[in-house]
Structures are given as C-alpha cells and as structure tokens.
Amino acid sequence: MLLRQLEYLAALAREGHFGRAAQACDVSQPALSAGIRKLETELGVQIVQRAQRFEGFTPEGTEVLRWAQHVLAEREELKRTLESRRGGLSGVLRIGAIPTALSVAALLTTPMRRRYPLVRFSLRSMSSREIVSGLNDFDIDVGMTYVDGEPLGRVRVVPLYRERYMFLTADEGEIAGQRSITWAQAAAAPLCLLPPVMQNRRILDGYFAEAGAVAEPVVEADTVSAIYAHVASMRLSSVIPHAWLHGHGVPDGARVIPLPPPERTYHVGLVLAGGGPEPLLARALVDIARQVDLPHELEQVASRIAHG
C-alpha cells in the first residue's frame with residue numbers, strides 16, 4: 001500500500017469528482033482510478049460507489065477514508081517535527097474561526113509570528129458545525145468557536161474569553177440618546193444580524209426569546225464587514241459581540257450602547273481534535289494563548305469605546 005493511493009482517496013473525498021481529484025494530485029484520471037482500485041484489491045473491500053460518475057463511498061470506504069486522512073495527517077506532523085528540529089518551527093497553521101472571533105485571532109497569530117517567523121497562517125471563516133467537521137476531517141488544525149454551547153464532540157478545549165454584547169446603532173434618533181437598552185427594545189429595532197446558520201445568531205435569538213421578543217432582521221449577512229456596511233449605509237442597528245470592537249471599532253456615524261448581561265453567557269475558545277497526534281503548530285498556538293490575557297485586552301477596548 002502506497003501513501004500515494006491514500007492521497008488519491010483523500011483528494012476524491014475533497015473534490016467529489018474523479019477528474020478534479022486527478023488534477024489536484026497532478027495525475028491522469030485513469031491513473032487515479034487505477035490506484036484506488038488497487039487499494040480496494042489490497043484491502044479486499046469496495047471503497048468507492050461507481051456509476052457514470054463518483055457517487056460517494058461505501059460504508060467500508062468511509063472507514064478506509066478516515067484511516068487514510070489520519071495517516072496523511074500523521075505524515076504531515078512528522079514532516080513538521082523534523083523541519084522544526086532542523087531550523088525552528090515552520091509550516092502553515094490552518095485556523096477555522098466563527099465570524100465573531102475571526103478578528104480576535106490576530107491577538108494570537110501576531111505574537112506567534114514574532115516567536116516563530118517561519119510560520120504562516122491560513123484563516124477561514126466557518127460556522128461552529130463546520131469547524132468540528134473540519135477538525136475531524138483534518139482540513140484545519142485548530143478552531144476558534146463557542147466551547148460551552150452546542151455539543152462539540154470529541155475535541156480538546158482551551159477557553160479564551162467570555163462573550164458579551166453591545167447594541168450598535170446610528171448616532172441619531174431616540175435610541176442613540178439612551179444610556180442603556182433592553183433586549184426587547186433591541187429586538188424591535190431595524191436590525192442587521194448574522195444568519196441563523198451561525199451559532200452567534202442562535203444565541204441572540206435565545207436572548208431575545210427570554211425577553212419575550214422575536215427579532216426579524218432587515219438584513220442578514222455572514223461577515224462583520226457586511227453587517228457594518230449595512231449599519232452605516234441603511235442606518236440599521238445590530239447586536240455585536242464586544243470582541244468586534246477590538247478589530248473593527250465603530251463605523252462612522254454610529255455608537256454602541258451596552259446591553260444587560262443575560263443569565264447565561266458563552267465562552268469562545270480554541271478547539272483541537274481529540275484524537276491522533278496534536279499538531280506542533282496548534283500546540284504552539286495554545287502556548288501563546290495561555291500567555292495573552294485576551295479578556296483584559298478585549299475589555300479595555302470595549303470599555304474605552306463604550307464610555308468614550
């Protein structure tokens with residue numbers, strides 16, 4: 001059995017198409033198909049469901065795929081270990097982060113880059129469910145997501161900070177003149193929020209429900225920049241995590257008003273795959289996180305803006 005055959009299998013899972021998988025592996029489609037068939041012969045099971053096109057994996061094939069992904073991840077980790085012994089830690093750290101935490105990642109990646117100048121970073125905006133799936137499939141090395149909300153499965157958790165919320169609104173009108181606002185009042189305002197696929201939105205909907213209210217946003221957008229743009233251009237409001245203020249501040253013509261703390265708040269943290277070898281780069285990021293006082297950093301900025 002060759003590692004190349006396992007690479008074919010992993011590429012087919014990623015691409016979902018024989019031709020694109022062959023292109024990703026820089027081989028012809030017949031060569032990729034022959035390699036997978038040879039793997040099936042060696043293992044004595046059918047791995048791929050075939051017809052006119054790729055139709056998925058058999059139950060046995062799904063198990064082989066998981067094993068293949070694990071073997072390939074261990075190979076990459078071995079390469080990183082050897083590289084680090086030769087010339088210091090290097091490689092690409094793949095981070096998947098929920099949109100509400102994406103800008104906070106810079107508070108960790110910046111000091112890590114100073115300590116390990118050969119390390120590069122790949123950051124992706126993902127939902128909390130996509131992060132768990134990405135860890136299980138070895139598509140990312142570490143996630144930044146809520147760690148005490150919806151089930152995460154078998155992962156290692158490193159809490160970073162507890163999220164609190166601010167009401168972002170145009171600096172004109174009745175609401176802008178208030179020093180405080182209730183969750184029910186916030187729900188009644190014309191809003192721009194993240195879509196329900198994002199856990200942050202599901203958390204906010206729960207807070208609105210506790211106040212006996214339902215939010216019906218004028219606009220739903222899945223990035224911070226899009227929400228800020230609509231708050232500015234359409235004079236909408238939004239409920240934002242205080243962490244956004246660190247990386248994005250407040251749009252021109254807007255202000256923030258503190259919301260009352262709900263009974264339950266949620267931690268954002270790092271999550272790593274619970275099984276298999278712990279990637280060196282992910283371990284280094286955890287070490288950095290333990291040295292950075294994220295709650296203090298975020299609270300300082302939020303307090304300065306809210307009382308400025």
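Contact here means that heavy atoms lie within 4.5 Å of each other, and helices (H or I, at least four residues) and strands (E, at least two) are DSSP runs numbered from the N terminus. The model is predicted, so that local features need pLDDT of at least 70 and side-chain atom pairs count only at pLDDT 80 or more, whereas totals for chains, interfaces and linings use all residues. Residues are numbered from 1 along each chain as its sequence is written, and side-chain values use heavy atoms, with hydrogens and water left out.

**Figure 1. Overview of the protein.** The protein has twelve helices and twelve strands, and its C-alpha trace spans about 70 × 45 × 35 Å along the principal axes. Of the 308 residues, 46% are buried (under 20% relative accessible area, with exposed over 50% and partly exposed in between, for a 1.4 Å probe and protein chains only). Among contacts with a separation of 6 or more, 74% are between residues 24 or more positions apart.

**Figure 2. The open sheet of five strands.** The strand order is β4-β3-β5-β12-β6, and the pairing is mixed, two strands being paired if DSSP finds at least two bridges between them. At the edges are β4 (119-125) and β6 (155-162), each of which pairs on one side only, and the twist averages 25° from one strand to the next. Strand β3 (residues 91-97) pairs with strand β5 (residues 142-146) in the parallel sense over three bridges, and G96 stands opposite G143 in β5.

**Figure 3. Helix α6 on the five-stranded sheet.** Helix α6 (residues 128-136) lies across β3, β5, β6 and β12 (267-273), and runs at about 150° to β5; axes are lines fitted to C-alpha atoms, for helices over the stretch in contact, and angles run from 0 to 180 degrees between N-to-C directions. Which residues of α6 are buried? They are S128, I131, V132, G134 and L135, and they are on the same side of α6 because they cover an arc of only 160° around the axis, the arc being that of the directions from the helix axis to the C-beta atoms. The cover over the buried residues of α6 includes β3, β5, β6, α8 (199-210) and β12. After α6 comes F138, whose phi is positive, near 60°.

**Figure 4. Helices α1 and α3.** Helix α1 (residues 3-15) packs against helix α3 (residues 29-43) at an angle of about 110°, with the axes 9 Å apart. This angle makes α1 roughly perpendicular to α3, a term used for 65 to 115 degrees, whereas angles under 35 degrees count as roughly parallel, those over 145 as roughly antiparallel and the rest as oblique. From α1, Q5, L6, Y8, L9 and L12 meet A31, L32, G35, I36, K38, L39 and E42 in α3. A11 is also found in α1 and counts as buried because its relative accessibility is 0%. Leaving aside neighbours within four places in sequence, A11 is in contact with G16, A21 and C25.

**Figure 5. The open sheet of three strands.** The order is β10-β7-β11, with antiparallel pairing; β10 (238-241) and β11 (254-258) are the edge strands, each pairing on one side only, and the twist averages 35° from one strand to the next. Strand β7 (residues 165-170) is joined to β10 by four bridges, and M166 stands opposite I240 in β10. Helix α8 packs on this sheet, touching β7 and β10, and its direction makes about 90° with that of β7.
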